[in-house]
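Here's a quick briefing to read alongside the coordinates. Have the viewer open and click through as you go.

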Amino acid sequence: MTQVLDKPAELAVTTSPAERTARRKALLEWVAVHALGVAAALFFVLPFVFVFLTSLMSDSQALSRDLIPHTWEWGNYKKVFDTPGFLTWWKNTLLYAGAGTVLSVVSSIPVAYALAKFRFRGRNLSLMLVISMMMLPPQVVIIPMYLFWAKQLDLSGTLWPLIIPMAFGDAFTIFLLRQFLMTIPNEYLDAAKVDGCGDLRTLLKVVLPMARPGIAAVALFQFFYAWNDYFGPQIYASENPGAWTLSYGLESFKGAHHTDWNLTMAATVLVMAPVILVFFFAQKAFVEGVTLTGVKG
Amino acid sequence: MSTVTLASKRRRSALRTLAFMSPWLIGFGVFFAYPMISTVYFSFMHYDGFKPPTWSGTKNWTYVFENYPLFWPALRNTLWLVVVMVSLRVAFGLGVGLLITKIKTGTGVFRTLFYLPYLAPPVAATMAFAFLLNPGTGPVNSILEKVGIPAPGWFNDPAWSKPALTLLALWGIGDLMVIFMAALLDVPKEQYEAAELDGASAWQRFRFVTLPNISPIVMFAVVTGVIAAMQSYTQPLIAGKVASGVIQGAGTQFEPGYPDKSTLTLPQLVYNLGFQRFDYGSACVVALVLFVLSMVFTAFLMRRRGGLIQAGD
């Protein structure tokens with residue numbers, strides 16, 4: 001933090017009075033901007049800090065108004081792991097997120113490629129429908145979908161109703177990948193064609209290697225979508241605790257430990273931590289993904 | 001001869017398109033078109049999931065609009081979130097975006113810190129805020145009282161529960177910050193230099209150079225924000241559940257929208273009607289209201305300025 005507040009070296013050098021006032025103004029602006037920056041940083045970071053500190057308090061202290069733990073109860077984390085079901089939630093979440101990500105990315109790639117690079121009648125209409133599906137709240141079709149999975153296929157109490165649809169292209173993944181593939185110049189595709197590549201070979205050998213950053217971005221988004229999903233597991237898995245995911249289980253955890261803020265916050269930290277860890281390893285892909293969501297067509 | 005090859009070429013290219021599009025075409029039919037039609041169908045049926053559905057005409061519709069005590073509060077709450085939460089989110093996101101482009105030292109550190117909350121899983125983030133803003137033991141009210149500011153009841157007070165949800169939404173501003181930052185860095189430098197030569201003040205430069213250049217992004221943020229606000233589900237539900245202190249599975253029924261219906265949103269009604277009251281027909285009516293509202297804004301997103309999301313060449 002101290003390094004952040006160091007002033008730039010060039011501000012120290014002074015010459016003429018006019019330049020000096022300009023420098024002083026620049027310095028003032030620098031101070032104001034960084035003060036605001038620190039204030040904003042506190043707003044964004046303090047919630048994490050308080051959650052973490054509370055997760056290390058003793059049971060009785062968590063019910064007081066103290067901000068800092070008297071004794072550091074690292075055993076709280078062990079207690080959370082020992083809670084029946086907690087490890088199952090991890091396993092289920094990894095299954096849902098892992099299988100869902102692989103299926104949705106693999107099935108969305110050819111669709112996104114066609115929408116980005118093929119010229120065909122109904123292409124714009126298809127794209128509009130993809131965007132509409134992306135914008136549609138899941139609640140709109142949940143009644144017939146639930147009846148279909150639960151009553152006709154008897155799959156309620158499992159995560160399959162959430163995983164299987166991912167094998168048929170996910171609207172958000174298709175849209176983001178299409179945005180990314182649009183940026184690959186057509187010349188590469190033409191060159192591949194001249195060399196005698198068919199469409200599939202062009203996609204696999206030429207386009208996919210170039211699309212790696214885009215694929216990494218959508219895979220991350222898809223993974224975190226499943227990680228964060230509450231509504232899906234609530235609808236399909238709630239009746240069977242053996243199929244709960246972290247997001248759904250965390251809420252019920254609070255129900256079972258309704259006075260234990262320390263354990264609840266320790267569990268919260270454990271649900272947040274993997275996301276933040278992955279972010280530090282894949283920052284570029286995240287930012288790439290966020291910029292793809294909007295802006296340039 | 002050449003017309004034959006042209007026709008077969010066309011057929012081949014149509015087949016190729018069909019093959020590449022097929023995962024989505026199947027998905028579209030099974031997971032979108034068919035359930036959409038079913039939703040309309042069920043909205044005119046009486047169906048509890050056990051006895052076969054029977055035709056009930058517009059009964060579900062009149063029930064939802066006239067007799068279901070939660071519909072209008074939920075619609076009002078949703079509109080509150082759409083108007084207040086979205087405008088604050090866009091303003092704050094733009095503010096943070098501007099700030100990060102001005103920060104010259106430790107930019108990477110600041111950017112990461114500002115971005116992190118966006119990644120927090122919604123359930124975890126809401127539980128964290130329900131704890132932080134807990135009127136009894138929460139650190140925020142402890143601090144507020146220490147400095148002598150009257151502390152609000154946040155998620156336990158109907159007047160403060162939506163502002164508390166808004167605060168949570170402002171905390172997760174990271175995605176908007178990144179989008180605004182990218183747009184701000186794209187504004188041509190010459191325009192600022194020209195404005196400065198003309199003696200434009202900082203505010204004038206923002207108003208007449210920055211804003212016009214980034215207005216498509218502002219509009220994009222507004223429309224996608226509106227669509228997201230209309231879909232608010234997890235955060236208000238979890239906030240209400242945690243604040244009400246309901247214990248799951250202990251025979252206590254959670255009062256939807258705690259406190260006093262103030263956190264009810266339209267998607268929650270679909271769940272309440274369909275999966276708690278087993279009135280699938282009325283749930284489909286609410287689902288259709290949600291559908292129409294979402295599609296109005298999505299159409300706006302696609303048509304505005306020749307399409308905020310362009311169809312391409």
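This is a predicted model: local features need pLDDT of at least 70, side-chain atom pairs count only at pLDDT 80 or more; totals for chains, interfaces and linings use all residues.

**A helix tucked inside chain A**

**More on α7(A)**

- The buried set begins with A:Ile142, A:Ile143, A:Pro144, A:Met145 and A:Tyr146, and it carries on with A:Leu147, A:Phe148, A:Trp149 and A:Ala150.
- As background, residues three or four places apart on an α-helix point the same way, because there are 3.6 residues a turn.
- Following α7(A) comes A:Asp154, and its phi is positive, near 55°.

**Where chain A meets chain B**

- The contact involves 106 residues of chain A and 106 residues of chain B.
- About 9,100 Å² is buried between chain A and chain B, and carbon and sulfur atoms give 76% of that area.
- As for charge pairing, the two chains have three salt bridges between them.
- One of these links A:Arg65 and B:Glu145, with the closest N and O atoms 2.7 Å apart.
- Polar contacts across the interface of chain A and chain B come to 13 residue pairs, counting pairs with both residues at pLDDT 80 or more.
- Which helix of chain A gives the largest share of the side that touches chain B? That's helix α2 (residues 17–55), with 17 residues.

- A:Thr268 sits in helix α15 of chain A, residues 261–281.
- Is A:Thr268 buried or exposed? It's buried, as its relative accessible area is 0%, which is under the 20% cut-off.
- Setting aside neighbours within four places in sequence, A:Thr268 touches A:Leu250 in its own chain plus B:Ala124 and B:Met127 in the other.

- The peptide bond running from B:Tyr258 to B:Pro259 is cis, and its omega is near -5°.
- B:Pro259 belongs to the loop between α11 (234–244) and α12 (266–276) of chain B.
- B:Asp260 is also found in the loop between α11 and α12, and it has a positive phi of about 50° despite not being a glycine.
- With a relative accessible area of 56%, B:Asp260 is exposed.
- B:Trp154 is another non-glycine residue with a positive phi, this one near 45°.
- Look for B:Trp154 in the loop between α6 (139–146) and α7 (161–171) of chain B; at 9% relative accessibility it counts as buried.

**Aromatic pairs**

- Over all chains, the count of aromatic pairs is 53.
- B:Phe44 and B:Trp55 make a stacked pair, because their planes are at 20°, with ring centres 5.9 Å apart.
- That pair joins distant parts of the chain, eleven residues apart: B:Phe44 lies in the loop between α1 (2–42) and β1 (45–46), and B:Trp55 in strand β2 (residues 54–55).
- B:Phe44 counts as partly exposed at 24% relative accessibility, whereas B:Trp55 counts as exposed at 64%.
- B:Trp154 turns up again here, in an edge-to-face pair with B:Trp160: the centres are 5.3 Å apart and the planes make an angle of 70°.
- B:Trp160 is partly exposed, at 35% relative accessibility, while B:Trp154 is buried.

Terms used: Residues are numbered from 1 along each chain as its sequence is written. Chains are lettered from A and ligands numbered from 1 in the order in which they are written. Side-chain values use heavy atoms; hydrogens and water are left out. Helices (H or I, at least four residues) and strands (E, at least two) are DSSP runs, numbered from the N terminus. Buried means under 20% relative accessible area, exposed over 50%, partly exposed in between (1.4 Å probe, protein chains only). Contact means heavy atoms within 4.5 Å. Buried area is the accessible area (1.4 Å probe) that two parts lose on being put together, summed over both. A salt bridge is a side-chain nitrogen of Lys or Arg within 4 Å of a carboxyl oxygen of Asp or Glu. A polar contact is a pair of N or O atoms within 3.5 Å; within protein, one must be able to donate a hydrogen and the other to accept it, and residues adjacent in sequence count only if both atoms are side-chain atoms. Rings of Phe, Tyr and Trp (its six-membered ring) pair if their centres lie within 6.5 Å; planes under 30 degrees apart count as stacked, over 60 as edge-to-face and the rest as tilted.
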